[in-house]
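Here is my note on the model you asked me to look through.

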Amino acid sequence: MASLGNSVVFRVDCRNCPREFSNGLGLGVLLPPPPPSLPLAKPSRVSFALSIPAALSTEIPPEGYRRNVGICLVNTSKEIFTGSRIRIPHTWQMPQGGADEGEDLRKAAMRELREETGVTSAEFLAEAPYWLTYDFPSQIRIKLNRRWGSNYKGQAQKWFLYKFTGKEEEINLLGDGSEKPEFNEWSWRLPEQLLEIAGDFRKPVYEQVFKVFSSYFSVDADEEDCLSGKETNGKEVLRK
């Protein structure tokens with residue numbers, strides 16, 4: 001375990017894992033990693049009032065885009081579960097994955113969460129009312145479509161907000177064993193911290209996700225401490 005800014009990073013030893021891991025969607029493979037000393041934004045409770053292109057959101061998944069679900073998993077401190085991709089160093093993201101045609105999307109979200117994090121103790125809080133889309137970078141698009149035998153432009157995502165209700169020992173980056181691991185590190189981060197380290201092509205979608213779920217994140221910090229019965233006195237609480 002290592003402290004990263006105001007977040008705590010947990011690592012798993014994958015020396016005994018398969019040599020070749022599936023990187024899921026493979027997104028961001030060609031993006032250069034940020035400098036190791038990249039600072040995280042100072043934690044603060046902010047309201048996300050962002051200008052998002054109108055074409056980014058749709059009420060139905062548009063043609064030519066792969067159906068996908070995204071999971072914004074938060075703890076009692078309203079920090080978000082964030083994982084670092086195994087084959088893409090310094091690339092952090094929220095859990096996500098493909099949804100089959102006709103598959104119940106909420107069930108698909110829980111399936112992906114279980115496969116990527118091992119988490120089953122999660123309480124449903126909210127669902128984004130529309131789909132969010134993003135295009136694959138050109139070289140990534142060629143690679144993924146060759147693998148899938150498809151011709152997708154990008155992904156159309158339906159996002160879900162869940163509250164983690166279990167103990168952190170439940171989190172297992174080897175997942176439930178049904179799929180190859182996606183992540184080799186994880187941490188809890190505030191929304192603005194995640195935006196600092198997410199891939200550039202993901203940021204517009206993440207900004208919109210946080211805007212959609214802003215009523216949950218915008219609770220005053222003092223009120224939050226009062227409701228939770230905690231008194232931190234500004235001290236960081238490390239998770240081990």
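**Notes on the predicted model**

1. **Aromatic pairs.** The structure holds ten aromatic pairs. This is a predicted model. Two of the pairs are taken up below, one stacked and one edge-to-face.

2. **Phe81 and Trp186.** How far apart are the ring centres of Phe81 and Trp186, and at what angle are their planes? The centres lie 5.6 Å apart and the planes are at 20°. The pair counts as stacked because planes under 30 degrees apart are classed that way. Phe81 sits in strand β5, and Trp186 in strand β11 (residues 183-189). Phe81 is buried, at 0% relative accessible area. Trp186 is buried too, at 4% relative accessibility.

3. **Trp159 and Tyr206.** Here the ring centres are 5.8 Å apart and the planes stand at 90°, so this pair is edge-to-face. Trp159 belongs to strand β10 and Tyr206 to helix α4. The pair therefore ties together parts that are 47 residues apart in sequence. Are these residues buried or exposed? Trp159 is buried, with 0% relative accessibility. Tyr206 is buried as well, with 1%.

4. **An aromatic cluster.** Trp159 and Tyr206 also belong to one aromatic cluster. Phe210, Tyr216 and Phe217 complete that cluster.

5. **The largest nonpolar core.** Which residues have the most contacts inside the largest nonpolar core? They are Cys72, Trp159, Tyr206 and Phe210. This core has 25 residues. Strands β4, β9 (131-135) and β10 (154-164) each supply at least two of its residues. So do helices α2 (138-148), α3 (191-197), α4 (203-212) and α5 (214-217). The largest share, four residues, comes from α4. In soluble globular proteins, nonpolar side chains tend to be buried together.

6. **A second core.** A separate core of 22 residues is also present. Its members include Ile71, Ala109, Trp131 and Phe160.

7. **Thr82.** Where is Thr82 found? Its place is strand β5 (residues 80-85). Thr82 is buried because its relative accessible area, 0%, is under 20%. Its side chain reaches the backbone oxygen of Ile80 at 3.1 Å.

8. **Lys78.** Lys78 is not a glycine, yet it has a positive phi of about 65°. Most residues other than glycine have a negative phi. Lys78 lies in the loop between β4 (65-74) and β5. This lysine is buried, with a relative accessible area of 10%. Please look at this residue in the structure.

9. **Glu112.** Which helix holds Glu112? It is α1 (residues 105-117). Glu112 is buried, with a relative accessible area of 7%. A polar contact of 2.8 Å joins its side chain to that of Arg111. Apart from neighbours within four places in sequence, Glu112 is in contact with Val69, Ile71, Gln96, Gly97 and Gly98. Ile71 is one of the residues of the second core.

10. **The chain as a whole.** The protein has six helices and eleven strands. Of its 240 residues, 46% are buried. Among contacts between residues at least 6 apart in sequence, 81% join residues at least 24 apart. The protein exposes about 12,300 Å², and carbon and sulfur atoms supply 50% of that area.

11. **Confidence.** The mean pLDDT of the protein is 76. A value of 70 or more is reached by 68% of the residues. Over which residues is the pLDDT below 50? One stretch is 12-55, which has 97 contacts in the model beyond near neighbours in sequence. Another is 224-240, with 25 such contacts.

Methods
Residues numbered from 1 in each chain as written. Predicted model: local features only at pLDDT ≥ 70, side-chain atom pairs only at ≥ 80, totals over all residues. Heavy atoms only, no water. Buried < 20%, exposed > 50% of the residue type's maximum accessible area, 1.4 Å probe, protein only. Contact = heavy atoms within 4.5 Å. Areas by Shrake-Rupley, 256 points an atom, 1.4 Å probe, with all protein chains shown as cover. Polar contact = N/O pair within 3.5 Å; in protein donor to acceptor, adjacent residues only side chain to side chain. Core = buried A, V, L, I, M, F, W, Y, C linked by side-chain atoms within 4.5 Å. pLDDT = per-residue confidence, 0-100. Phe/Tyr/Trp six-rings, centres within 6.5 Å; stacked < 30°, edge-to-face > 60°.
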